[in-house]
Amino acid sequence: MKRKPSLFAKPKAGSKPQRSKQMVYPDVLEVESLSHEGRGIAKVDGKTIFISGALPGESVKYKIDTQHRRYDEASCTEVIKASPQRVEAKCQHYGTCGGCDLQHLNHEDQISAKQTTVIDQLDRLGHFTPETIEQPIQSPEWNYRRSCRLGINQLQRDGSAIVGFRRRGSSKLTHISDCPVLAEPLNEILKALPSILETEEDFKGITHAELSEGDESGALTLRIKKPLTDHLSEKLQQLASEHNFSLFLDDGQKLQRTDKTAELFYQIENSSTQVYFEPGDFIQVNASVNNQMINRAITWLDLSKDDRVLDLFCGVGNFTLPIAGHVAAIVGVEGVEEMVERANQNASRNQLSNCSFYRANLSKDLRALPWYKQGFNKIILDPPRTGALEVIKQLEKHQADMILYVSCNPAALARDGAELIKQGYRPSRFCVMDMFPHTSHVESLVLFER
Ligand SMILES: C[S@@+](CC[C@H](N)C(=O)[O-])C[C@H]1O[C@@H](n2cnc3c(N)ncnc32)[C@H](O)[C@@H]1O
């Protein structure tokens, strides 16, 4: 492979970071493995160097960006010997945009690398190894994202629009003219937004755009600090309707729909369930992985009409609703009131009479809450990145036969899994899910059985 400057090389900074006096840094490093955030790991005199943009088995030139006492952070500046797993990044913004960090690794190898790092973290931090490792849940390689949040800035200099994501390693915005991981209509709206905004002299009052796509329609939601002019509002509505999207305006107080097109929903594959949602609600971003994940959850939990299931961190009922038809009863618990309301409406729209939803902060003491006092033999946990330790400590009294943990953070999963094992569970089944191809984010499922 031809030598060329790495995409990850940061622009030259004013002052070079100080290199420690005792250590001699060679010009070229051999990369030993991949860190759990997708950086190459090399060693100098026993000190770990994390090199962004480098892959295991490669020899690379590098630039030290930040030194710490026990490790250094660096960027790959030139690949001397390339890994056979290395591929050309598809996106023109790769290396600058903070969104993707693994596009230089072949898609097939990304998910196996992620599987290795999760298993390693469970072992290192949680001191457990899953009994069976099942096939990863695969994703389409591109156009998989059905929701995203874009930042919007107006440049002082010439009034032009910056629409995009955060720059790599910075809180500043970088302009994105095309994003291949976004679902097609989202990418088309991203491409068209700048020229529409620029028809207005001053659009500094618009700070963000959130895009979400349902099966039949989508939402373009703008976060605004002041009302839009009629001209801009009309242009934006026109853009939205070209893609069968509705324009929503969010002034921080309330969400306002500017037209009356169809509601947002997605259908779960192999089920008649339709899940309705509103802009701002949590939805799983990758529709294909979500469908497979729900179907795997149904299989692993071995559901029957005798089961009473508790679905914690249930959102608008993504697991609760398609599982309801398989069991005697299911209770969903969620912290955001509006999503609990939506979940209840979803139950009636899907004519499900055996599911009920409650609002609760699952980090708090739950013992006095009516749903907590009911009996459940199977439990689903789908917590945010912080994990579910507080609630897991309170689940012991239920003595559930199975707990399915859906994780977006391997470190929290390791900690929480160790607590479940202490309570008498064994990690019987495990798989990783390719929810976010080309990024180092990894999601996984673990079934804990008593
Ligand atoms: C990863 S999402 C999963 C949602 C849902 N299971 C799904 O598949 O769409 C986590 C959910 O937990 C909720 N949540 C976060 N912290 C919470 C807390 N302390 N108590 C209750 N719910 C919380 C969020 O609002 C979000 O809906």
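Axes are lines fitted to C-alpha atoms, for helices over the stretch in contact, and angles run from 0 to 180 degrees between N-to-C directions. In this predicted model, helix H2 (residues 184-197) packs with H3 at an angle of about 165 degrees. The axes of H2 and H3 lie 11 Å apart. Angles over 145 degrees count as roughly antiparallel. H2 and H3 are therefore roughly antiparallel to each other. Their crossing is right-handed.

Helix H3 covers residues 230-242, 13 residues in total. From its first C-alpha to its last, H3 reaches 18 Å. This is close to the 18 Å expected at 1.5 Å a residue.

Helix H1 spans residues 107-126, and helix H8 spans residues 410-422. The axes of H1 and H8 come within 8 Å and cross at roughly 45 degrees. That angle makes H1 oblique to H8. H1 passes H8 in a right-handed crossing.

At the level of domains, the assignment gives domain 1 as residues 1-86. Domain 2 is made of two segments, 111-140 and 286-449. Domain 3 runs over 147-257. The centres of domain 2 and domain 3, taken over C-alpha atoms, are separated by 33 Å.

The ligand is surrounded by 17 residues. The closest are Phe313, Gly315, Asn318, Gly335 and Leu362. By class, the shell around the ligand holds nine nonpolar residues, six polar residues and two charged residues.

How values were computed. Residues numbered from 1 in each chain as written. Predicted model: local features only at pLDDT ≥ 70, side-chain atom pairs only at ≥ 80, totals over all residues. Near = placed C-beta within 6 Å. Nonpolar A, V, L, I, M, F, W, Y, C, P; charged D, E, K, R; others polar. Helix = DSSP H or I, 4+ residues; strand = E, 2+ residues; numbered from the N terminus. Expected span 1.5 Å × (residues − 1). Domains from an automatic or database assignment. Parallel < 35°, antiparallel > 145°, perpendicular 65-115°, else oblique. Left-handed = near helix turned anticlockwise from the far one by under 90°.
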